[in-house]
Amino acid sequence: MDSAAVDTFEAGRGRLASLAYRLLGSAADAEDAVQDTFLRWQAADRERIEVPEAWLTKVLTHVCLDRLRSAHARHERTAGAWLPEPLLDGDPMLGPADTFEQRESVSLAVLTLVERLSPNERAVYVLREAFAYSHAEIAAILEISKAACQQHAHRARIRLADERRRSGGAPDPTAARRVVEEFLAAATSGRTDRLVALLTDDVTAVSDGAGLARRLLRYRSPERVASFVRAGFKPTPAKRRLAGGPTTMYLARVNGSPAVIAVVGERVVGAVAFDITDGRVSALYGIAAAHRLTRLDEAWRRYDPGVPVLDAW
């Protein structure tokens with residue numbers, strides 16, 4: 001392949017990776033999809049490709065859709081063991097964040113919710129909301145009619161509308177950080193009443209159980225979530241052995257949301273991300289399975305987290 005063709009692909013690599021991550025919810029899978037697209041670009045008759053960006057977008061989208069429809073992906077997702085891979089804010093794979101729709105499309109809440117969508121609905125939603133493609137352009141990418149594209153977009157909006165109303169929009173980062181600090185203090189105080197007061201009435205919590213459980217752990221209601229959180233934040237010798245040593249906790253942001261990052265030495269061993277609604281926690285996402293933390297861990301080694309909020313846990 002000549003250098004001009006390589007340069008053309010590399011110029012769009014970041015956008016392709018961001019699109020793939022939004023479609024697949026996994027940084028590792030997104031990188032694989034981008035590489036598959038590069039191989040197809042390498043083998044293509046490029047002289048017949050009039051608009052390389054459009055061609056690459058179409059190929060990448062179909063690579064991602066094939067992955068979503070694969071037997072392995074269907075099994076993992078329908079078995080209830082799937083969670084999106086969290087990314088530290090500033091990661092280029094998070095892509096454009098100029099509009100509310102772009103930021104929302106990469107939040108853990110939305111990445112989790114789009115699991116309810118069919119592959120085509122998901123592709124239409126991402127291309128429309130995060131990348132501002134027209135219905136005509138999306139129809140050409142997916143090789144469907146414009147009317148079908150509009151129907152997919154309508155169904156996606158309806159399926160996500162209730163959760164959008166529930167979230168109440170993005171909170172002020174300073175106020176959100178304060179809520180998380182209060183939450184962490186309450187979680188480690190042993191006082192359930194303080195913790196319950198910081199949770200919305202319809203709060204939910206989901207955890208991958210550090211990858212040890214076959215299915216995700218899900219909790220609803222302030223009392224059940226508070227009990228789960230207290231147990232999770234209570235230090236024990238067994239937890240320290242599982243983590244690999246004493247744990248230090250920092251505040252950071254992942255996928256646009258406030259989060260607590262658990263670190264042993266320089267290695268990230270867990271992340272808890274929060275949705276904040278009207279000054280209270282409306283959802284928690286606990287992620288500690290090693291394969292979901294690879295990219296976050298790599299980024300953390302180049303990150304200045306500041307002073308820990310909890311040391312030698």
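**Salt bridges and cores**

Guide: The side chains of Asp 36 and Arg 67 form a salt bridge, 3.3 Å from N to O (a side-chain nitrogen of Lys or Arg within 4 Å of a carboxyl oxygen of Asp or Glu). Asp 36 sits in helix α2 and Arg 67 in helix α3, so the pair ties together parts 31 residues apart in sequence. Helices here are DSSP runs of H or I with at least four residues, numbered from the N terminus.

Visitor: Where do these numbers come from?
Guide: This is a predicted model, where local features need pLDDT of at least 70, side-chain atom pairs count only at pLDDT 80 or more, and totals for chains, interfaces and linings use all residues. Residues are numbered from 1 along each chain as its sequence is written, and side-chain values use heavy atoms, leaving out hydrogens and water.

Visitor: How many salt bridges does the count come to?
Guide: The count is 14. Another one joins the side chains of Arg 295 and Glu 31, at 2.8 Å from N to O. Arg 295 is in helix α14 (residues 294-300) and Glu 31 in helix α2, so this pair ties together parts 264 residues apart in sequence.

Visitor: Arg 295, buried or exposed?
Guide: Arg 295 counts as buried, at 17% relative accessibility. Glu 31 is partly exposed, at 42%. Buried means under 20% relative accessible area, exposed over 50%, and partly exposed in between, using a 1.4 Å probe and protein chains only.

Visitor: New topic: which residues touch the most others in the largest nonpolar core?
Guide: Tyr 21, Leu 60 and Tyr 125 do, out of 48 residues in that core. A nonpolar core is a set of buried Ala, Val, Leu, Ile, Met, Phe, Trp, Tyr and Cys residues joined through side-chain atoms within 4.5 Å. Helix α1 gives the most to this core, with nine residues.

Visitor: And what is Leu 60 in contact with?
Guide: Leaving aside neighbours within four places in sequence, Leu 60 is in contact with Leu 16, Leu 19, Ala 20, Ala 33, Val 34 and Thr 37. Contact means heavy atoms within 4.5 Å.

Visitor: Last one: which residues of α10 are buried?
Guide: They are Ala 176, Val 179, Val 180, Phe 183, Leu 184, Ala 186 and Ala 187. Down the axis of α10, these buried residues fall within an arc of 160°, so they line one face of the helix. That arc is taken from the directions from the helix axis to the C-beta atoms.

Definitions and conventions:
Helix = DSSP H or I, 4+ residues; strand = E, 2+ residues; numbered from the N terminus.
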